[in-house]
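I opened this notebook page to record, entry by entry, what I looked up in the structure. I begin with a pocket and then move on to strands, helices and single side chains.

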Amino acid sequence: PLTFLILQCGNHDVGNRPTPTSIQRYKDAFGDEYLAFWVNGTYNIVLNNVLFVDPSGAREIFDKQLVWLEDRLKYAQEHDAKMIFVFGHHPWFLVS
């Protein structure tokens, strides 16, 4: 069987305050910093959620990703995804 590797950027890849330059460097080396794909009827969304921690260095990219995310969630729902999984580098509900 085939094994697929999905890469996801983190703060060690794009920095704690990502910039267009650091994100482009990641994309040049590894591909898209956010993406979506189907597996066995489930829709999987991989986000660059380092931007959620501090979007100030790449606000336009962050805003574009949020619009894309909303579109992908609607798409998955319209196409009857059995489940939707959303992946991010940082834990979603971490309290410091």
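How many nonpolar, polar and charged residues does the lining of the largest pocket have? I counted by class and noted 4 nonpolar, 1 polar and 4 charged residues in that lining. I keep in mind throughout that I am reading a predicted model. The residues that line the largest pocket are Pro20, Ile23, Gln24, Lys27, Asp32, Glu33, Tyr34, Ile61 and Lys64, and the elements that give two or more residues to this lining are α2 (20-30) and α4 (59-78). I wrote down α2 as the source of the largest share of the lining, with 4 residues, and about 150 Å³ as the space in the largest pocket.

Which residues of α2 are buried? I found Ser22, Ile23 and Tyr26, and because they cover an arc of only 100° around the axis, they sit on the same side of α2. This recalls a general point: an α-helix has 3.6 residues a turn, so residues three or four places apart point the same way. The exposed residues Thr21, Arg25 and Asp28 are carried by the face of α2 turned away from its buried side, while α1 (11-14), α3 (50-53) and α4 are among what covers the buried residues of α2. Just after α2, I noted that Gly31 takes a positive phi of about 110°.

Turning to strand β2 (residues 42-46), I found 5 of its 5 residues buried, so β2 is largely enclosed by the rest of the structure. Thr42, Asn44 and Val46 point one way from β2, and Tyr43 and Ile45 point the other way. I looked up the partners of β2 next: strand β1 (residues 35-39) pairs with β2 in the antiparallel sense over 5 bridges, with Phe37 opposite Asn44, and strand β3 (residues 83-87) runs parallel to β2 and is joined to β2 by 5 bridges, with Val46 opposite Phe87. The hairpin of β1 and β2 has 2 residues between the strands, and there Asn40 takes a positive phi near 50°.

Is Gln65 buried or exposed? Gln65, which lies in helix α4, has 0% relative accessibility and therefore counts as buried. Apart from its neighbours within four places in sequence, Gln65 is in contact with Tyr34, Leu47, Asn48, Leu51 and Phe52. Arg72 also has its place in helix α4, and I list Arg72 as buried because its relative accessibility is 18%, where the cut-off for buried is under 20%. Not counting residues up to four places away in sequence, Arg72 touches Ala36, Tyr43 and Ile45, and I had already noted that Tyr43 and Ile45 point to one side of β2.

Technical notes. Residues are numbered from 1 along each chain as its sequence is written. This is a predicted model: local features need pLDDT of at least 70, side-chain atom pairs count only at pLDDT 80 or more; totals for chains, interfaces and linings use all residues. Side-chain values use heavy atoms; hydrogens and water are left out. On a 1 Å grid over the protein atoms alone, a cavity is a set of points where a 1.4 Å probe fits but cannot get out, and a pocket is an open set with protein on both sides within 12 Å along at least five of seven lines; lining residues have an atom within 4 Å of a point. Grid points are joined across faces, edges and corners, and a volume is the space filled by probe spheres set on the points. Ala, Val, Leu, Ile, Met, Phe, Trp, Tyr, Cys and Pro count as nonpolar, Asp, Glu, Lys and Arg as charged, and the others, Gly among them, as polar. Buried means under 20% relative accessible area, exposed over 50%, partly exposed in between (1.4 Å probe, protein chains only). Two strands pair if DSSP finds at least two bridges between them. The arc is that of the directions from the helix axis to the C-beta atoms. Contact means heavy atoms within 4.5 Å.
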